[in-house]
Amino acid sequence: MAESRGELRGLLAEIGRRRTFAIISHPDAGKTTLTEKLLLFAGAVREAGAVRARRGARATTSDWMEFERRRGISISSTVLQFEYGGAVCNLLDTPGHADFGEDTYRTLCAADAAILLLDAAKGLEPQTLKLFRVCRARELPLITFVNKLDRPALPPLELLDQLATRLGLVPVPLTWPVGDGHHFAGAIDRQRREFISIERTAHAATAGTERRYPVATAVPPGVAREDWRAALEELELLDASTERLDHARFMAGHQMPVFFGSALANIGVQRTLEGLIELAPSPVPFAGEGNGGLRPLDAAFSAFVFKIQANMNPRHRDRVAFLRVCSGSVERGLSTTVARTDRSLQLKFLHRAFGQERATIERAVAGDVVAVTNARGLRIGDTLYSGDRVAFPALPSFAPERFATARNSDLARDKQFRRGLAELAAQGVVQILLRPEIGTREPILAAVGELQFEVAAFRMAREFGCQIELNPQAWTQACPVDREHTPKLQGKWGIDLVEDQHGHPVALFRSERIMEAAAQEVPEIGLPRPADHLGAHPA
Ligand SMILES: Nc1nc2c(ncn2[C@@H]2O[C@H](COP(=O)(O)OP(=O)(O)OP(=O)(O)O)[C@@H](O)[C@H]2O)c(=O)[nH]1
Ligand SMILES: [Mg+2]
């Protein structure tokens, strides 16, 4: 607890500078590219990398894993902390692919706001809509960035209409694009009535200087006359028909500010960065589990683990737990309690994360994401606190739908095989299920999507030197069961009983129909109804 009134004020002022937001969307809309460009314009990187880097050129900061760089997709969320304009930003780049949805959902639990990305040619895509619903359930304020206007795009008014009708909230464009495709030169800042363009740089790898032209003057350089005329007409229409941005309505999720641009071409990035700092909320109190109520921001330290990653950097082959600080502050060496085990844990080293890199820090406050190293006993979802006890609600977990047995091709590497799989399971890459009669010899990998298996096999080879052979299995559903009820399922309906990595019983079913039949006949086992079965959602 902050001791004096002055310290308390200082702590709250520090917390007030935090902006912690996640970038979410359907795969490929440009989250990682926008992340990289936000870093570039904030001065956190000098040169922007590309998702598919040219030979010898930089790759992006957030897609740092080898698998990501090879495939040009994000498979895991990344934490990037940087300062800009007096604010301390904790930016969370998330994977768009549904197979990694669990990671994205967990990461959203650590954010105070989200940037929803749209591909201007595609509009609202299914995965974006799904993630939008998750944000709504968590009451996260949303900011939209319409990306890829350097390509032929849907008419911006149509995009706004999609947002309004399909999301059911009021989009408030703060900028407006002029032209699209090759003609896209910049966007109009509606508040300041200025057209903003950006100086071109080689491969848009460095941040060019922004140029602003009052809308009232002649057609700005580089803009086609007809595009300018069309944009001004649309602007007039917008002025007459759209609401003004109201901070309270934005925070309550009724309004959504919208920016337009091209992350790849650097267009609109600077204005979006400024908008984010201005609009994104500073941290608000998190609710504890049960009747715990809200944990005030100035209460003693509390945090939860939303991500675990090992072997991040060849220089630091260790295990990192990422904590979202929810209240108070944490100084290096602080003694905390892990709510799940009631054990104490001293936070000997604190780090600020920047993609694969990290730097030691002495202190972090509510809103920050900190990386803690070698915290062996920590699990995803764990709460850490000092002072009054608190436990934050469980993080969402998805029921796996795909299963494969894993075999180690090189029996001499059995230790690495077991250690590697346990480590990947702890990181949430896949779940590991064990058949008690076979033990760890041929574990079952369980996942939401096929890509998770590929990542697991790739990382087993790279990080643990184990070539694994995966054989798909016919189960389609898995469900945790209390041990006392397992006899009621034993030998029935072709159910297989296995154990998860913590030794808890799990029932495996060969079809959803069988699972429903079992749930009807033995209701006390508490199998999920089909509706729950899509995966838990954050409270
Ligand atoms: N033309 C154009 N291409 C873009 C733009 N932004 C991103 N891209 C390209 O779109 C592809 C996907 O970009 P990413 O940044 O990896 O997209 P993402 O949303 O992070 O993808 P996942 O994390 O895999 O879901 C890459 O080839 C980018 O170069 C843009 O503004 N214009
Ligand atoms: Mg990405």
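Which element gives the largest share of the lining of the largest cavity? The answer is strand 14, with 4 residues.

## About the model

This is a predicted model, in which local features need pLDDT of at least 70 and side-chain atom pairs count only at pLDDT 80 or more, while totals for chains, interfaces and linings use all residues. Residues are numbered from 1 along each chain as its sequence is written, chains are lettered from A and ligands numbered from 1 in the order in which they are written, and side-chain values use heavy atoms, with hydrogens and water left out.

## The largest cavity

Let's look inside. Helices here are DSSP runs of H or I with at least four residues, and strands are runs of E with at least two.

## Around ligand 1

Ligand 1 has 18 residues around it, the closest being Lys31, Thr32, Thr33, Ser74 and Asp150; a residue counts if one of its heavy atoms lies within 4 Å. Helix 2 (residues 31-41) supplies the largest share of this shell, 3 residues.

Oxygen atoms of ligand 1 lie 2.7 Å from a polar side-chain atom of Lys31 and 3.0 Å from a polar backbone atom of Gly96. Such polar contacts are pairs of N or O atoms within 3.5 Å.

Terms used:
A polar contact is a pair of N or O atoms within 3.5 Å; within protein, one must be able to donate a hydrogen and the other to accept it, and residues adjacent in sequence count only if both atoms are side-chain atoms.
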